[in-house]
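Here is a short note to read beside the model. Keep the structure open and check each point as you go.

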Amino acid sequence: MQTERVQIGKRIRSFRKSKGMTQIELAELTGLSRNSIINYERGYRTPRADALEVLASLMGISVTAFFDVR
């Protein structure tokens with residue numbers, strides 16, 4: 001079973017790729033570092049709530065889209 005952190009990272013990567021963005025572009029648009037984006041996508045770190053809000057807003061989704069809500 002994957003941790004929630006890994007699942008969130010996979011969703012960030014999936015949404016980023018669906019928007020045709022590179023990690024560098026996403027970092028520049030959000031004001032986050034590329035290393036932060038890499039760490040989130042690989043599941044090494046969990047984004048803080050404010051970072052999730054920025055990512056979601058930029059991608060045109062709700063913050064809950066990053067979580068497995070059933």
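How many aromatic pairs does a search of the whole structure find? The search finds 1 aromatic pair. Before the details, a word on the source. This is a predicted model, in which local features need pLDDT of at least 70, side-chain atom pairs count only at pLDDT 80 or more, and totals for chains, interfaces and linings use all residues. Residues are numbered from 1 along each chain as its sequence is written, and side-chain values use heavy atoms, with hydrogens and water left out.

1. **The aromatic pair.** Phe15 and Phe66 form the pair, and the geometry is edge-to-face: 5.8 Å centre to centre, with 80° between the planes. (Rings of Phe, Tyr and Trp, the last by its six-membered ring, pair if their centres lie within 6.5 Å; planes under 30 degrees apart are stacked, over 60 edge-to-face, the rest tilted.) Phe15 sits in helix H1 (residues 4-18), while Phe66 is in the segment after helix H4 (49-59), 51 residues apart. Helices here are DSSP runs (H or I, at least four residues), numbered from the N terminus.

2. **Buried or exposed?** Phe66 counts as buried because its relative accessibility is 0%. Phe15, at 22%, counts as partly exposed. The cut-offs: buried is under 20% relative accessible area, exposed is over 50%, and partly exposed is in between (1.4 Å probe, protein chains only).

3. **The nonpolar core.** The largest core has 13 residues. Ile8, Ile12, Leu26, Ile37, Leu55, Met59 and Phe66 touch the most other members. H1, helix H2 (23-30), helix H3 (34-41) and H4 each give two or more residues to this core. H4 gives the largest share, 5 residues. (A core is a set of buried Ala, Val, Leu, Ile, Met, Phe, Trp, Tyr and Cys residues joined through side-chain atoms within 4.5 Å.)

4. Ala51, Leu52, Leu55, Ala56 and Met59 are buried in H4. They cover an arc of only 130° around the axis, so they lie on the same side of H4. (The arc is taken from the directions from the helix axis to the C-beta atoms.) Ala49, Glu53 and Ser57 are exposed on the other side. H1, H2 and H3 are among what covers the buried residues. After H4 comes Gly60, with a positive phi near 70°.

5. Met21 is in the loop between H1 and H2. At 12% relative accessibility, Met21 counts as buried. Leaving aside neighbours within four places in sequence, Met21 is in contact (heavy atoms within 4.5 Å) with Arg16, Leu26, Leu29, Leu58 and Met59. Leu26, not counting residues up to four places away, touches Arg16, Met21, Ile37, Leu55, Leu58 and Met59.

6. **Salt bridges.** How many salt bridges are there? The count comes to 3. (The rule: a side-chain nitrogen of Lys or Arg within 4 Å of a carboxyl oxygen of Asp or Glu.) Arg13 forms one with Glu41, with the closest N and O atoms 3.4 Å apart. Arg13 lies in helix H1 and Glu41 in helix H3, so this pair ties together parts 28 residues apart in sequence. Glu41 also meets Arg16, at 2.5 Å, N to O. Arg48 and Asp50 meet at 2.7 Å, N to O. Shared partners join Arg13, Arg16 and Glu41 into one network.

7. Glu41 is buried, with a relative accessible area of 2%. Arg16 counts as buried at 6%. Arg13 is partly exposed at 28%. Arg48 is exposed at 59%, and Asp50 is partly exposed at 39%.
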